[in-house]
Each structure stands twice: as C-alpha cells, then as structure tokens.
6 protein chains.
Amino acid sequence: MEDSGERYERGIKALQRLSGEEGPSPVTSLADIAPDLGRFIAEFAYGDVISRSELEPRDRQLVTIGALAALGNAAPQLRFHINGALNAGLTRGEIVEALTQIAVYAGFPAAINAVTAAREVFAARDAEA
Amino acid sequence: MEDSGERYERGIKALQRLSGEEGPSPVTSLADIAPDLGRFIAEFAYGDVISRSELEPRDRQLVTIGALAALGNAAPQLRFHINGALNAGLTRGEIVEALTQIAVYAGFPAAINAVTAAREVFAARDAEA
Amino acid sequence: MEDSGERYERGIKALQRLSGEEGPSPVTSLADIAPDLGRFIAEFAYGDVISRSELEPRDRQLVTIGALAALGNAAPQLRFHINGALNAGLTRGEIVEALTQIAVYAGFPAAINAVTAAREVFAARDAEA
Amino acid sequence: MEDSGERYERGIKALQRLSGEEGPSPVTSLADIAPDLGRFIAEFAYGDVISRSELEPRDRQLVTIGALAALGNAAPQLRFHINGALNAGLTRGEIVEALTQIAVYAGFPAAINAVTAAREVFAARDAEA
Amino acid sequence: MEDSGERYERGIKALQRLSGEEGPSPVTSLADIAPDLGRFIAEFAYGDVISRSELEPRDRQLVTIGALAALGNAAPQLRFHINGALNAGLTRGEIVEALTQIAVYAGFPAAINAVTAAREVFAARDAEA
Amino acid sequence: MEDSGERYERGIKALQRLSGEEGPSPVTSLADIAPDLGRFIAEFAYGDVISRSELEPRDRQLVTIGALAALGNAAPQLRFHINGALNAGLTRGEIVEALTQIAVYAGFPAAINAVTAAREVFAARDAEA
C-alpha cells in the first residue's frame, strides 16, 4: 500500500532519467490545460508502469518506439521516446534498425516517418553537444 | 550483390529459428493463394530485415510485439510473434510486462487484447510440453 | 434537386450490382437494429457516392479494398468488397496483387490478413459454382 | 495523498456500477496472466479516471463508445462499454444513434461493426431478462 | 421523401450552429477542390445525421471528440469539433476531462495531443473575446 | 534467380516513372539516416512489388492512395502518391473522386485531409507548369 505522493516522485524520477532532464517534461507542459493528465503521466505511466523492474529501461524503449512508430500518429511522443531510447542505452544504429523493421509490420510510410523523427532527434542532440 | 535464392534461404532459416519450426510458416500457408507474398516474407521480411545483425533477435521481438499490440488489428501475427519472442529468449514475465506497457501508449483495450493473445500462446506451449 | 426515394433506389441498384444480389445486403441486415444506418448506406454510400460515374466501379473497388486492407479492422466489409471487386471485373490475380501491395504501405500482417480474406471469398464462390 | 488501496476499492466500485456486476470483470479475468494490468484497470482506469466527478458516467460512456467504435479493433471492450452505457442511463436508441454517427467520422464499416456489437449486447440483456 | 435542397439547408444550419459561424466551414473550404465532398458534408453528415433529434448536440460532440481523439490522425477536425463542443454547451472542464479519459482507451499520446488541440481552441476563443 | 543489383535498378526506374524524377526520391532522402531503408524501398517496394506486371501502374496508385488516405497518418507519402497517380495516368477528377469515396470507408475527416493533400499536389504542379 503506497500513497500517491510516492508514486508521483518515483514517476518524476523515471521520467527525468528517460528524458535526461532536457526541456520541459510532459507533466509540466500540461500544467496549464490538463494538470491531472500530467499528474497521471507521473503517477501512473512512469510511477506505476515504466519504473517497474520487470523489464529493463532499454527494453521498454524498444517496445515504445515500436508501438509509436507503428501507430504513426504521435510524432512528438515518438521523438521524445527516441531521445529516451538513447538515454536508456540504445545506440543510434539500433534505433534506426528498429524503426526500419517497422516497414515489415506497419509499412514503409510508417518506417520512413519514424526514421525522419529519429533524424530530428539525433540532429538536436548533435547541436547541443 | 546477392541473389534471391540466398535471401530466400537465409529468410527461411531466420523464420524457422523464430517459430521453432512448429506448425506451418506464413510462407507455406500462403502458397495456395499468394505465393509471391509468401516468398517476399521469406526473402525480404526475414531474409533482408529480420536476419540482420544490427539488432538482436530478442530486441527485434520487443519492437514487433510493441508494434502489433499497439495496432491491435492483427491477432494471428501477434500470437506468432509472442511465440517467437519466447524462442528468442524473452521470458513470459518480460512479454507480459511489455504488453502491459502498451496500456500507456495505446490504451487498456489494446493491452488487454495483447495479454489475452499471450495467454493463448503460453497455454499452447504448455499443452505441447 | 432529387428526392431521397430516387437516391435510395439508385443506391440499392448499385449495391446489388456490386454484391451480385447473393445473400443479405448490409441494408437489410441492419433493419432490426439500425434501420437508418442501413438506409444511409443505400442513399448516401451507394446512391450518392458509389454510383457516380466519375470513377469506374472496377476502379472504386481498388480504392476500397486498398483502404479496408490497410485499416485491417473490418474483415466482413473487406470480404464483401473483394467479392464486389470480382463482380466489378477485377480478376483474382489482380485482387491478390493489390492486397500483396498492401504489405508495402501498411505492413505484411495487413497484407496476409487481407489475402486470407480473399481466399475465403474465392472459396465461397467456388463452392457456389 | 491517497493510498493505493483506496484507489483500488473506488475503482472496483466504479467498475461494478458500470458493468452491473454481471459476469467476470476485466480485473478478475486478467488475474491468471497479468494481475498487475488488472490492478491498474481498477486503480488507475476506474479508480483515478472513470470515477472522477468532472464528467457524468453517462457522458463518459459516450466518449468511450465513440473512441472504441472509431478504432474498430477492440470488439470485446466495445461490447463491455455498450453494456456499461445502458447501465449509465443511455437508451438503446441513443447508443445506436451514437454508433450510427461514427459512420461520419470513421466510416461505414466501423459504424456497421459497432452496431453489430450493440445488437449482441442488447440480445444478451433480453435473454437474461 | 425529402429533396436534396432541404437536406442541404438543414445541414448548413446544423453546421453553423456547431461552428458558431466563425471562419470558413468545411463546405466552403472544399469548393475549389472537391465541391461534391463539401456538399455531402452539408447534405449527409450534417443534414441527415448530425441534425437528427435522437441524440442531443452536446452528446454528439462527446462521441465525436472521443472518436477523433482516439484516432489521433485528424487534428484540424478535432479542433473544429472541440470548438463545436463548446458551442453545444460542454464546458472546458468537461472537454478536458473527456480528452483525459482517452488516455485509458487509446493511450497517453492520443490524450496529450488531443488536450494540446483543446489548448489551441481555447486560446483562439480567448483571443477573440 | 536474380541479384540485388537488378532489383535495385528496376526499382529505381519504377520509382522515377512514378515520381516523374522531380525532386529527391525517398531513396536518396534517406541516405544520411537510414540508407538500408532507402535501399529496401528501391529493391523491394519498387523493384519486387510495384514494378510487377500483374497490376497496371494506374491501378496500383488507386490501391495506394486508398490505403494512405484511409490510414490518414502519412501525409508526405499520400502527396507523393497522388503525384504518382497523375503520372500513372489518373486524372485529377478521378483522384478527387477516389479520395471523396474514402469518406464512406474511413470517414469524412480522412477524406477531407486527403483532398487537402491533393490540392497541394495539384497547386505545386500548376506552379511548375
């Protein structure tokens, strides 16, 4: 039995590990319009699910970029999670390969658009470095 | 420069490693209706993409079950790839965790239906054992 | 300026041409639960859109089976329109080729499931013949 | 600050109100394969979100059946929520009308399949009555 | 038996009630490229379906924003219908709550992108006021 | 038995016929980030599938724009293939009609967004002429 404050704090930490603390998190960016949705992201998505030890952070990111690339309708989140995949230890080559594989399961347009998202993330990191 | 025969053979081997050679493969099951689609699965999907060394088979299966669970419209292929995920070294616990995570990115119905697919695959393997 | 009765009659005729009048149409099969949805199918979908001369029936079926195969979530309608594609003059070979092409744009699972739908339609027609 | 036990209990109550306590809930039906996914449904989906007072249960069901009918890939959940819509006070006529409207926003196949799901739910309730 | 002119006029009225007559309607904005698609929006979507009395305008907008937020691939139409939801009597809080609920049924990315669309609509109305 | 070089060359030719050689092809535009994905587009998508004689280029484009318009999540590829449809011999009127028909199978938002893509393609060609 755990209170919501612990879940929130654990979620924020998991989110910061993933995002590298660069730029605003989805939690803070929703504060003006849907603060409870932002809170659920911290408490539930990251605090309850993503921070669990049943699957390595690197493995979780493979699942997530596979899901978002296949859906093909959430470019900002795909970019966020490609960046998170790098922070979780996946190489650029592994990420491009994973997104190339999406051509097999969701078609070439989904793969091309996902790889285009990866290019933007890689370029932004190069510009910062 | 490689000929199509090499690609086909490499693909069939990759497909057999993944499926554990149990039951008919998608290549043979399409022979009556769309043999070229079956051949493309062997040559391209498995021969060109899935057999590449840029990503481990286990990692590829995380991407694939993430994609198929999120799309939620290809139950036979999701079951095939959950079975393949086990053959590639993922544990039942890791697979269930990966599919649970789909609730975050594609909603609870997609996650519930994916976990239901996993139950069927696990039961079929238990029945064989 | 045309009244709804003319649209309905034109729609029913277009629907019968497409389906070959075999079995219950979507219009009659909805009569018990959503008669107005059935009427809209006749008046709008077939009466207003599908019966227009701007595109040949055969060409319309290529668009429709492309759309339904890519969406991958409407198997009964895909079967209905594969049957309609045959009635509109497409050959079995052309239909299988069109559905195979879906692998490029929506992935192999969508193509495999669409080709499986085609096999069912072809078998049903062979059984009737 | 609330503990997880309170969230779970509130969620189970909201779930029972929606389902009318007939048949197994998604929480118990996942107990063998993905108990934590079942727990998240109780704690988060129903305990945190669905039980909030910001939107009436009846209104929530309109959103949910709109979402599931449009996605068109989660028939068991659509049936569950059509039943829940009746329990939340929507009439059969309102539900059929809402699902008919899906033809405008997600196409006729999605609407037809959703209305077919409604027919099954209505028939099951008639059989019980 | 009703003629198409009556349907068109009733549709345009329903469309204006929903949109508040601010800015170009989808009917006029399609006049240069696909006038018949624009006409079908007036006659069928609004004239035949949306203007029916079987469901309140407010309730229809809950279904529509649920559908469009879940699909996640039609941002301009989602913004149009969030604005329409306000005109039909839903409060900003109810709309944000409905879109937050989409996280449960279609995942957090869909909910975040829908809430982002709502922020744009609310800001545009504030700027006009 | 054919080597990959022949497939690549045949694919590039098919791609150039479709695109009219205007602007960068998807193959070259992926060279910096995912060259193998670009190569697969040439070898597999165009060399193995699109260049086959089982279906006319014009017919293939009807399938493709039907698929991409229905999915509604790949605007750059839809524009590319609307342009390709013109190069393959479809008229503007036929393309607009095909995309209007998408309203029936995937809803009005998908049709409106597809027709908007067509307007951009037609305007770009007019500007060049």
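Let me start with two of the chains. Chain C can be superposed on chain E by a rotation of 180 degrees with 0.0 Å of shift along the axis, and the RMSD is 0.0 Å. Copies here are superposed by least squares on the C-alpha atoms of residues with pLDDT of at least 70 in both. The two copies are thus related as by a two-fold rotation axis. In chain C, the C-alpha nearest that axis belongs to Asp3(C), at 1.9 Å from it.

Before going on, some housekeeping. This is a predicted model, in which local features need pLDDT of at least 70 and side-chain atom pairs count only at pLDDT 80 or more, while totals for chains, interfaces and linings use all residues. Residues are numbered from 1 along each chain as its sequence is written, and chains are lettered from A and ligands numbered from 1 in the order in which they are written.

Now, how many residues of chain C are in contact with chain E? Eight residues of chain C are in contact with eight residues of chain E, where contact means that the C-beta atoms of two residues, placed from the backbone, lie within 7 Å. On the chain C side, helix 1 (4-19) and helix 3 (35-50) each supply at least two residues. Helices (H or I, at least four residues) and strands (E, at least two) are DSSP runs, numbered from the N terminus. Helix 3 of chain C gives the largest share of this side, three residues. Sorted by class, the side of chain C that touches chain E has three nonpolar, two polar and three charged residues. For the classes, Ala, Val, Leu, Ile, Met, Phe, Trp, Tyr, Cys and Pro count as nonpolar, Asp, Glu, Lys and Arg as charged, and the others, Gly among them, as polar. Of the interface residues of chain C, 100% are also interface residues in chain E, so the copies meet through the same surface.

Next, chains B and A. A rotation of 180 degrees, with 0.0 Å of shift along its axis, superposes chain B on chain A with an RMSD of 0.0 Å. The C-alpha of chain B nearest this axis is that of Ala67(B), 2.1 Å away from it. The contact between them takes 26 residues from chain B and 26 residues from chain A. Helix 3 (35-50), helix 4 (57-71) and helix 6 (92-106) of chain B are the elements giving two or more residues to the side that touches chain A. Helix 4 of chain B provides the largest share, 11 residues. By class, this side of chain B has 15 nonpolar, five polar and six charged residues. Again, 100% of the interface residues of chain B are also interface residues in chain A, so these copies meet through the same surface.

Let us look at chain A by itself. What elements does chain A have? There are seven helices and zero strands. A compact globule of 129 residues would have a radius of gyration near 14 Å, and chain A agrees with its 15 Å. That radius is taken over C-alpha atoms, and the globule rule is 2.2 Å times the number of residues to the power 0.38. The C-alpha atoms of chain A fill a box of roughly 45 × 30 × 25 Å along the principal axes. Of the 129 residues in chain A, 57% are buried. A residue is buried if 20 or more other C-beta atoms lie within 10 Å of its own, exposed if 12 or fewer, and partly exposed in between, with C-beta atoms placed from the backbone.

Helix 4 (residues 57-71) of chain D has 15 residues and reaches 21 Å from its first C-alpha to its last, close to the 21 Å expected at 1.5 Å a residue. The expected span is 1.5 Å times one less than the number of residues. In helix 4 of chain D, 13 of the 15 residues are buried, so this helix is largely enclosed by the rest of the structure. After it comes Gly72(D), with a positive phi near 70 degrees.

In chain E, the buried residues of helix 5 include Phe80(E), Ile82(E) and Gly84(E). What covers the buried residues of this helix? The cover includes helix 1 (4-19), helix 4 (57-71), helix 6 (92-106) and helix 7 (108-128) of chain E, together with helix 7 (108-128) of chain F. Just after helix 5 of chain E, Gly89(E) takes a positive phi of about 110 degrees.
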